Every structure is written in structure tokens, then in C-alpha cells.
Amino acid sequence: MVELESPVTTPLALRLNEACQCIWVDRDRLRSTLRADLGDAAALLDSREGLVSGSVVFVGSREAASMDRTACLVTRALDSAAFQARVAAVAPTIARRPQPTAGGVLGFDFHL
């Protein structure tokens, strides 16, 4: 006999993801909001089909904290003098110029 986990002990986000495939992103509303906020840059939504998921995914606080820690650690590693020195040693001249932002990592794609 297989014993199923009680709903009380199953994290809420997991229960919501298992039970609800009913919340969809309103792309027209998103597009108009982006256009109002970003102007022509809103066209990015149309040119990159997978940029925004079509459905909502619920994330628990533990998973969100883990994602946050991961992003912070990656950023910290990329900002470290040791990493930058190692990359500069093998990078072409154009890549050695100081940059005002860390544009190499603009987003993270986490898969639960």
C-alpha cells in the first residue's frame, strides 16, 4: 500500500501547481502595460516567444529564498576580483574594458 502525503504537510505552492492550471497571463494587457512603461522596447515581448511564461507557477518561500541565494552567489562570484582576473587573462582586448553594469547575467531561469 502506498501512503500519500497529507495535504496539510504538502507545501501550498506545490498543491496549487498540481491542482491549478487555470491562471493564464493576459498577454494583451502585459503588452499594453509594457508599451506604456517601456515604449518601443515592449516589442521585445513579441520578438521573443519564450520570454514570459503563458501560465502562472506558484513558488514556495523556501524555493524563492534558494533562488535568491543562488542569484546572489553567482553575482558575487562574477564580481570577485579573482574571477575577473582569471577572465581578463584569457579574454580578448575588447572584453577587458570595464563595464558599468554586469550585463552578462540579466536573468536566471529556474526550473522547479
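Read along the sequence, the protein follows the pattern α-α-α-α-α. The model is predicted, so local features need pLDDT of at least 70 and side-chain atom pairs count only at pLDDT 80 or more, whereas totals for chains, interfaces and linings use all residues. Residues are numbered from 1 along each chain as its sequence is written, and side-chain values use heavy atoms, with hydrogens and water left out.

**The whole chain**

Begin with the entire protein displayed. Of its 112 residues, 9% count as buried; buried means under 20% relative accessible area, exposed over 50%, and partly exposed in between (1.4 Å probe, protein chains only). Among contacts with a separation of 6 or more, residues 24 or more positions apart account for 60%, a contact being heavy atoms within 4.5 Å.

**Helix α2**

Next, select residues 27–38, which form helix α2. Its 12 residues reach 15 Å from the first C-alpha to the last, close to the 16 Å expected at 1.5 Å a residue; the expected span is 1.5 Å times one less than the number of residues.

**Arg31 and its partners**

Which residues does Arg31 contact, leaving aside its neighbours within four places in sequence? They are Ala42, Leu45 and Asp46. Arg31 itself lies in helix α2 and counts as buried because its relative accessibility is 18%.

Now show the side chains of Asp28 and Arg31, which meet in a salt bridge (3.1 Å, N to O). A salt bridge is a side-chain nitrogen of Lys or Arg within 4 Å of a carboxyl oxygen of Asp or Glu. The two residues are three apart in helix α2 and so are separated by about one helical turn. An α-helix has 3.6 residues a turn, so residues three or four places apart point the same way. Asp28 is exposed, at 58% relative accessible area.

Arg31 forms a salt bridge with Asp46, the closest N and O atoms being 2.9 Å apart. This pair links distant parts of the chain, joining Arg31 in helix α2 to Asp46 in helix α3 (residues 44–47), 15 residues apart. Salt bridges that share partners join Asp28, Arg31 and Asp46 into one network. The C-alpha atoms of Asp46 and Arg31 are separated by 8.5 Å. Asp46 counts as partly exposed because its relative accessibility is 47%. A search of the whole structure finds two salt bridges.

**Helices α4 and α5**

Finally, select residues 61–79 (helix α4) and 81–90 (helix α5). How do their axes cross? They come within 5 Å and cross at roughly 55°, which makes α4 oblique to α5. Axes are lines fitted to C-alpha atoms, for helices over the stretch in contact, and angles run from 0 to 180 degrees between N-to-C directions. Angles under 35 degrees count as roughly parallel, over 145 as roughly antiparallel, 65 to 115 as roughly perpendicular and the rest as oblique. To view the contacts, display Ala77, Leu78 and Asp79 in α4, which meet Ala81, Phe83 and Gln84 in α5.

How values were computed. Helices (H or I, at least four residues) and strands (E, at least two) are DSSP runs, numbered from the N terminus.
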